[in-house]
Amino acid sequence: MSHTLPPRIAPPVRILMGPGPSDIHPSILSAMAAPTVGHLDSAFLKVMDESQSMLRQVFRTQNELTLAVSGTGSAGMEACVVNLIEPGDRMLVCVNGVFGGRMADVAARAGAVVTKLERGFGEVFTPDEIAKAVKETSPKVVGIVHAETSTGAWQPSLDEIANIVHDAGALSLVDCVTSLAGVPVEVDKWQFDAVYSGTQKCLGCPPGLAPVTFSPRAVEAIDKRKTKVASWYLDMTLVRSYWGEERAYHHTAPINMNYALHEALRLVLEEGLENRHKRHMRNHLALKAGLKAMGIDYSVAEGQQLPMLNSVMIPAGVDDVAVRKQLLNQFGIEIGGGLGPVKGKTWRIGLMGHTSRESNVLLFLAALERCLIDQRVKLRPGAGVAAANQMYAKI
C-alpha cells in the first residue's frame, strides 16, 4: 500500500505582533542552523558557559544558579515553584491575569497551601495590600507577575514589594517572561529570589527555553528541602550539576535552541540593555499615539501599560475575530485577542524584540485603518500613521 508524502513544510512569512512568539532576527535563525554537536561536547559546553554569563548580565545578577531550562516559559514557572515549594508550604500568589492564575495552579499541584490575592484583569497590586496579605498568611513564597501578558499590565514597585516579602522571612518569585530585555529587570538590586522568563518575547528568540535565576537565599531553601523536588526533569539540584563544573549528565539539552539563545543574548548586549528598553518604549509611544488618533483606548491605566504588550479596547460594534483574520490574511500581521473576562473586548498588540520596529508600527496602523474602515468605523484617513510619525519626530 503506497502513501503520498505531505509536501515539505513551507510556513508563510508573518509579522508577529501578538503576545508571542515575536519576530526572529535572521542571525538567530542562522545560529539555529549551525551543526548539531553532542550535549557534552566541549564546543557546546562553551556555548552553555557563555550563555550563563550573558544571562547574568541581562538579568542584572551575580547569581551562580542562572541557566536556561529546557522548555518554554511555563517550564521556567514550574521549575521555580516546584524547587521552592514542598508539600504543606504556604504560598501567596498575586493573581491579576491568566499567568498569575497559572502560577497558583502549579503551586497547588506541588502541594502548597495557596492563598490568592486577586485583582481584576488589567489592574496591579499595591505594596500595602501585599504587606497585609503577607502578614495574614505568613507564606514561605510570594509569587507575582512583573508583566502580565494576558492583560498588558506592568506591575510597579517590585523593589518595595520584595523588601516586604523579605522582611516577613519569605522568598520572592517573579514572572519576567514578557518583561526581560524589554523593560528594566534588576534581579540583584530589587532582591528577587527566583525569576523565570521565556525566549520568545523580548529576547526575540524562538520558543523553547526558559531562562531562570535563583538567589543564594533561594538556593539555601532548595538545599534544605526535606523532600525531593516534585519534578525530576526540573529539579535544580540535578540540573545545576549539568550546567555547573561537574557537567553531570541529566538530559539531552536542545542543542540548536541553545545556539539561538546564545545569539539572541549576544544581540541584546550588543544593542545595550538601556538602548533596547528605550527602543521598546519609543515604538510603544508611537503606536499609542497612532491608536489614540484612531479613537482606540488602552485597557490598562496610564502609567501601568506595558510597552511591549499593548492591550487596547476593541471599538464598539467591531468584530474582533474578523479584524484579526483580515490583518493576518490580507496583511500578514498577527495580533492577539483578549483572554478570560476580556475575551472579545481587547486586542493584544505585541512589540517585542525584533518585532519592535518603526516599520511594523506604521504598517500595522495603516493595515488596522483599512480593517476598521471595512467594519464601517468612521476614521480620519491617515490619522493613525500621521500621529505616530509626529511622535517619532519628538522622541
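Helices (H or I, at least four residues) and strands (E, at least two) are DSSP runs, numbered from the N terminus. This is a predicted model, in which local features need pLDDT of at least 70 and side-chain atom pairs count only at pLDDT 80 or more, while totals for chains, interfaces and linings use all residues. Residues are numbered from 1 along each chain as its sequence is written, and side-chain values use heavy atoms, with hydrogens and water left out.

**Surface patch**

Tyr233 is found in the loop between helix H7 (216–223) and helix H8 (236–243). Because its relative accessibility is 35%, Tyr233 counts as partly exposed, on a scale where buried means under 20% relative accessible area, exposed over 50%, and partly exposed in between (1.4 Å probe, protein chains only). Together with Trp232 and Leu238, Tyr233 forms a nonpolar patch on the surface, with about 300 Å² of accessible area for the three residues together. Patches are made of residues with over 30% relative accessible area and no salt bridge, like charges being joined within 9 Å and nonpolar side chains (Val, Leu, Ile, Met, Phe, Trp, Tyr) within 5 Å; accessible areas come from the Shrake-Rupley method with a 1.4 Å probe, and for residues only the protein chains shown count as cover.

**Cavities**

A cavity is a set of points, on a 1 Å grid over the protein atoms alone, where a 1.4 Å probe fits but cannot get out, and its lining residues have an atom within 4 Å of a point. The count comes to three cavities of 30 Å³ or more, and the largest cavity holds about 40 Å³ of space, grid points being joined across faces, edges and corners and a volume being the space filled by probe spheres set on the points. Strand E5 (141–145), helix H6 (158–167) and strand E8 (171–175) each supply at least two residues of the lining of the largest cavity, with H6 giving the largest share, four residues. Among the lining residues of the largest cavity are Val142, Leu158, Ser172 and Phe192. By class, this lining has eight nonpolar, one polar and no charged residues, where Ala, Val, Leu, Ile, Met, Phe, Trp, Tyr, Cys and Pro count as nonpolar, Asp, Glu, Lys and Arg as charged, and the others, Gly among them, as polar.

**Backbone geometry**

The peptide bond from Gly20 to Pro21 is cis, with omega near 5°, and Pro21 lies in the loop between strand E1 (15–16) and helix H1 (26–32). Ser157, a residue other than glycine, has a positive phi near 60° and is placed in the loop between strand E7 (153–154) and H6. Gln191 likewise has a phi near 60°, and is found in the loop between E8 and strand E9 (194–196).

**Salt bridges**

The structure holds 20 salt bridges, a salt bridge being a side-chain nitrogen of Lys or Arg within 4 Å of a carboxyl oxygen of Asp or Glu. The table gives examples.

| Salt bridge | Closest N and O atoms |
|---|---|
| Glu50 and Lys46 | 2.6 Å |
| Lys224 and Glu220 | 2.9 Å |
| Arg119 and Glu129 | 3.1 Å |

Glu50 and Lys46 both lie in helix H2 (residues 42–59), four residues apart, about one turn of the helix. Lys224 counts as exposed because its relative accessibility is 58%, whereas Glu220 is partly exposed, with a relative accessible area of 41%. Salt bridges that share partners join Arg119, Glu123 and Glu129 into one network.

Methods:
1 Å grid on protein atoms, 1.4 Å probe; cavity = no way out; pocket = protein on both sides within 12 Å on 5 of 7 lines; lining within 4 Å.
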